[in-house]
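Hi,

Here is the structure I said I'd pass on. Have a look at it first, and then read on for what turned up when I went through it.

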Amino acid sequence: MKLQTKYFGEIEYEADEVIRFPGGIFGFEEEHSFLLLPFDGSGGNLLCLQSTATPALAFVVMDAFSLMPDYAPVLQKAELEQFGVEDAGALGFYVLCAVKNPVSSSTVNLRCPLVIHPETREARQIIMEVYEMRHPLEEFGQREEAAPC
């Protein structure tokens with residue numbers, strides 16, 4: 001399948017690459033189907049969450065653990081059951097990045113990570129009460145050249 005993307009132009013993808021958010025993402029509840037595309041030179045830690053339904057809709061996300069190795073998300077038993085896992089370690093956690101100029105003033109949302117089951121490709125956005133929504137990237141020692149835009 002072909003898709004026009006916000007950051008990568010036209011790409012081809014396979015149906016098994018699609019990540020499904022049954023409930024959408026906060027503020028975008030009608031969007032259920034996305035691709036997770038790595039930005040060049042990021043080592044797979046800086047990614048684009050691209051809608052497959054709305055070409056102009058794409059979010060910059062980062063692997064939560066690449067930013068904060070001691071990030072400790074705790075999922076409730078019901079949330080683990082929704083994913084069909086017993087331990088949150090079986091899941092991927094990505095945080096939304098609000099990219100600003102200069103990039104050093106960009107922030108990430110550790111409170112509401114995107115949680116993705118790597119095998120089923122099902123995802124949900126979960127609220128983690130112990131974290132804040134706006135953590136400046138400079139807190140994590142990120143460099144400006146790490147951002148895509």
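Let's start with strand 5, residues 46-51, in what is a predicted model. Six of the six residues in strand 5 are buried, so the strand counts as mostly covered. That goes for both of its faces: Leu46, Cys48 and Gln50 are buried on one side, and Leu47, Leu49 and Ser51 are buried on the other.

Which strands does strand 5 pair with? On one hand there is strand 4 (residues 33-38), which runs antiparallel to strand 5 and is joined to it by five bridges. On the other there is strand 6 (residues 58-63), also antiparallel to strand 5 and also joined to it by five bridges. Strands 5 and 6 make a hairpin, with six residues between them.

Another pairing to look for is leucine 36, which stands opposite leucine 49 in strand 5.

Strand 4 is mostly covered as well, with five of its six residues buried. Strand 4 also pairs with strand 3 (residues 19-20), in the antiparallel sense and over two bridges. Isoleucine 19 has phenylalanine 34 in strand 4 as its bridge partner.

Now for the nonpolar cores. The largest one has 33 residues, and the members that touch the most others are Tyr71, Leu75, Phe93 and Val108. Strands 4, 5 and 6 each give two or more residues to this core, and so do helix 1 (64-67), helix 2 (77-83), strand 7 (92-98) and strand 8 (107-116). There is also a second, separate core of 15 residues, which includes Ile19, Phe21, Phe59 and Ala123.

What does phenylalanine 93 touch, leaving aside its neighbours within four places in sequence? Its contacts are Met62, Asp63, Ala64, Phe65, Tyr71, Pro73, Leu75, Ala88, Pro113, Leu114, Val115 and Met128. Two of these, Tyr71 and Leu75, were named above among the core members that touch the most others.

On to the aromatic rings. A search of the whole structure gives eight aromatic pairs. One of them is tyrosine 7 with phenylalanine 39: the ring centres are 5.5 Å apart and the planes are at 65 degrees, so this pair is edge-to-face. The two residues come from distant parts of the chain, 32 residues apart, with tyrosine 7 in the loop between strand 1 (2-5) and strand 2 (9-12) and phenylalanine 39 in the loop between strand 4 and strand 5.

Phenylalanine 8 lies in the loop between strand 1 and strand 2, 31 residues from phenylalanine 39. At 29% relative accessibility, phenylalanine 8 counts as partly exposed.

Elsewhere, Phe21, Phe28, Phe34 and Phe59 form one aromatic cluster. There is a charge over a ring, too: the charged end of arginine 124 sits over the ring of phenylalanine 83, 5.1 Å from its centre.

How many disulfides are there? The count is zero. Cysteine 112 is in no disulfide either, and the nearest cysteine sulfur to it, that of cysteine 97, is 15 Å away. Cysteine 112 is also buried, at 7% relative accessible area.

Two backbone details to finish. The peptide bond from asparagine 101 to proline 102 is cis, with omega near 5 degrees, and proline 102 lies in the loop between strand 7 and strand 8. Arginine 121 is not a glycine, yet it has a positive phi of about 65 degrees. You'll find arginine 121 in the loop between strand 8 and strand 9 (123-125), where it is partly exposed at 24% relative accessibility.

Cheers

Methods: Residues numbered from 1 in each chain as written. Predicted model: local features only at pLDDT ≥ 70, side-chain atom pairs only at ≥ 80, totals over all residues. Heavy atoms only, no water. Buried < 20%, exposed > 50% of the residue type's maximum accessible area, 1.4 Å probe, protein only. Helix = DSSP H or I, 4+ residues; strand = E, 2+ residues; numbered from the N terminus. Pairing = 2+ DSSP bridges. Core = buried A, V, L, I, M, F, W, Y, C linked by side-chain atoms within 4.5 Å. Contact = heavy atoms within 4.5 Å. Phe/Tyr/Trp six-rings, centres within 6.5 Å; stacked < 30°, edge-to-face > 60°. Lys NZ or Arg CZ within 6 Å of the ring centre and 35° of its normal. Disulfide = S-S within 2.5 Å.
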